[in-house]
Amino acid sequence: MVNLLSFINEEHIIIINERKHEAILKKLLDACLMDYPAEKKVEIKRELIGQMKDVNLGKGYCLTHARLDAVDDIHVAIGLMPKKLKYTKGPAVQTIFCILTPHSKSRTYLSFTAHLTRMLSEQGSRKAFSSLDKKQVVAFIKDFEENS
Amino acid sequence: MYIMIIVLKNEKLLKKLVSTLIEFELYDCTVLDGEGIENVAAQTVPLYSAVEGLFGKELVYNKTCICYVPDFDIIQRFEKVCKKDGIDFSEKNTGMLMAFPCAYYIGPKEKE
């Protein structure tokens, strides 16, 4: 089973105060691609225009994702917002998971999302993610991984 | 290596089951449409058909999942997660899970 902590650490969790879709997505992509050199980052972002798809998971969670071969592995960023926002179709969201995956990791990505959605349905997830405390979020994920 | 067979009688649980199989990276799982022996008997043997009509029993269908699992502890963890998610194979109408060692296997083993 995939371990969420293989893809998520404190650096990938950001607080988002922006309220516009484009600005939020830009910030998430910057966090997602933080390990790439600036030029490569610009190239990837250009390729991603219009490709990101939003999936409203309900209960304040949203997934925005794309598959592209310009990345070499699955990259994840988590955006925590102080207030709920009508980010995409469906209920307002407060936490956004931004995920980029190469086609070669499609299966791992499927497992990742299955595991992620189960974690989000656990008791205490909403409390952890709406706390805006990166340490608390990581501790919640760690606890889930150790006890699930 | 083990072969795991799941006969899911309660098809309402299929979505959860498939999601859990994917979560456990059991990508080469095959899902088949199944039918209970009573159904088949009622459809093929006239005597059973008459009895079936007398009791007005509902037809029983299922989904059967077959996959190979690298280690036994994965099966145990899988069963535990299923139970937590409401797929309790010890309950009467859920179905059954069985596993046995695989003596011979040729096929892909890679996850991707």
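Colleague: Which residues of H1(A) are buried?
Modeller: This is a predicted model. In H1(A), the buried residues are Ile24(A), Leu25(A), Leu28(A), Leu29(A) and Cys32(A).

Colleague: Where do they sit around the axis?
Modeller: They are on the same side of H1(A), because they cover an arc of only 130° around the axis.

Colleague: And what is on the face turned away from that buried side?
Modeller: That face carries Glu22(A) and Ala23(A), which are exposed.

Colleague: What do the buried residues of H1(A) pack against?
Modeller: Four elements of chain A: helix H2 (38-48), strand E3 (61-67), strand E4 (75-85) and strand E5 (93-101).

Colleague: What span should the 12 residues of H1 in chain A have?
Modeller: Helix H1 of chain A runs over residues 21-32, so at 1.5 Å a residue it should span 16 Å. Its end C-alpha atoms are 16 Å apart, which agrees.

Colleague: Switching to chain B. In what order do the strands of the open sheet come?
Modeller: The order is E2-E3-E1-E4, 4 strands with antiparallel pairing.

Colleague: Which ones stand at the edges?
Modeller: Strand E2 (30-35) and strand E4 (95-101) of chain B. Each has a single partner strand, so one side of each has no neighbour in the sheet.

Colleague: How are neighbouring strands turned against each other?
Modeller: By 20° on average, ignoring direction.

Colleague: Back to E2(B). How many bridges does it have with strand E3 of chain B?
Modeller: The two pair over 6 bridges in the antiparallel sense, with E3 covering residues 61-69.

Colleague: What stands opposite Leu32(B) there?
Modeller: Thr64(B), in E3(B).

Definitions and conventions: Residues numbered from 1 in each chain as written. Chains lettered and ligands numbered in written order. Predicted model: local features only at pLDDT ≥ 70, side-chain atom pairs only at ≥ 80, totals over all residues. Expected span 1.5 Å × (residues − 1). Buried ≥ 20, exposed ≤ 12 C-beta atoms within 10 Å, placed from the backbone. Arc of directions from axis to C-beta. Contact = placed C-beta atoms within 7 Å. Pairing = 2+ DSSP bridges. Axes fitted to C-alpha atoms, helices over the stretch in contact; angles between N-to-C directions.
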